[in-house]
Amino acid sequence: MIAAQINRLTEQFPKEVTLVAVSKTKPISALEEAYNAGHRDFGENKVQELCQKAEAMSSEIRWHMIGHLQRNKVKYIAPFVHLIHGVDSERLLVEVNKQGAKNNRIIDVLIQIHIAEESSKFGFSYAEAVTLFSNENPYPNVRVIGLMGMATFTNDKEQVKREFDTLSAFYSSWKTKKSLSVLSMGMSNDYAIAISSGSNMVRIGSLIFGSRN
Ligand SMILES: *Cc1c(COP(=O)(O)O)cnc(C)c1O
């Protein structure tokens, strides 16, 4: 089932699109099923759960931290995390840089932009992102490789499309200047819209592993 779902999804994606299988709350056995079918990119939104799974599973897996990340927890994932999607403040960037230096690595991150109407979702405003990008990167142990955004949770597809299109245009406007290569947008219920807007990384959970409790 899990492997079949991954294949069904990846077959319909343009080849530049990376599928991050969002395995939060799911048991290792479910992740193993995806891994044994050849899948390597997994997304988790809780540091403790991510670390436990990483320790139990193959070191070939690329672990994506996709949710809101507290600064005091960066140290646990800094040695091995593949990509941090939800960098939503300058203070978090400072901490990722510090932990990157401690681990002698340059940590890849995405800047999360607040694109939804809901006030609860984290992220930089477009204006704040412009300020960040307008300066030289002051964080030698952080590499900003792209942007991430979550659309408003609504059935209004036009609105979702507008939010993704706006982020995609912003990404395009900075892509060359800042050497960006990843635009992470799209989940189970809106990945098709996201890809049509130019996403090249989708984070899909329930459609692969089944709904969460
Ligand atoms: C849970 C989660 C997803 C996946 O959601 P699904 O609707 O299950 O596909 C994607 N991105 C983030 C940031 C998440 O927290």
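Trainee: Before we look around, which residues count as nonpolar, charged or polar?
Mentor: Ala, Val, Leu, Ile, Met, Phe, Trp, Tyr, Cys and Pro are nonpolar, Asp, Glu, Lys and Arg are charged, and the others, Gly among them, are polar. This is a predicted model, where local features need pLDDT of at least 70 and side-chain atom pairs pLDDT 80 or more, while totals for chains, interfaces and linings use all residues. Residues are numbered from 1 along each chain as its sequence is written, and side-chain values use heavy atoms, without hydrogens and water.

Trainee: Okay, where does the ligand sit?
Mentor: In the largest pocket, with more than half of its atoms within 2 Å of the grid points. A pocket is an open set of points on a 1 Å grid over the protein atoms alone, where a 1.4 Å probe fits, with protein on both sides within 12 Å along at least five of seven lines.

Trainee: What volume does that largest pocket have?
Mentor: About 420 Å³, counted as the space filled by probe spheres set on the points, which are joined across faces, edges and corners.

Trainee: And how many residues line the largest pocket?
Mentor: There are 21 (each with an atom within 4 Å of a point), and K24, I66, M150, M187 and R203 lie nearest the centre. The lining splits into 8 nonpolar, 9 polar and 4 charged residues.

Trainee: Which residues are around the ligand itself?
Mentor: With a heavy atom within 4 Å as the cut-off, they include V22, K24, M148, S188, R203, G205, S206 and R212. That shell has 6 nonpolar, 3 polar and 3 charged residues.

Trainee: What does R203 do there, at what distance?
Mentor: One of the polar side-chain atoms of R203 is 2.9 Å from a ligand nitrogen, a polar contact (N or O atoms within 3.5 Å). A backbone N or O atom of G205 also lies 2.8 Å from a ligand oxygen.

Trainee: Changing topic, what lines the second largest pocket?
Mentor: Among them are L93, F133, E136, Y139 and K178. By class, the lining has 7 nonpolar, 2 polar and 2 charged residues, around a space of about 170 Å³.

Technical notes. Polar contact = N/O pair within 3.5 Å; in protein donor to acceptor, adjacent residues only side chain to side chain.
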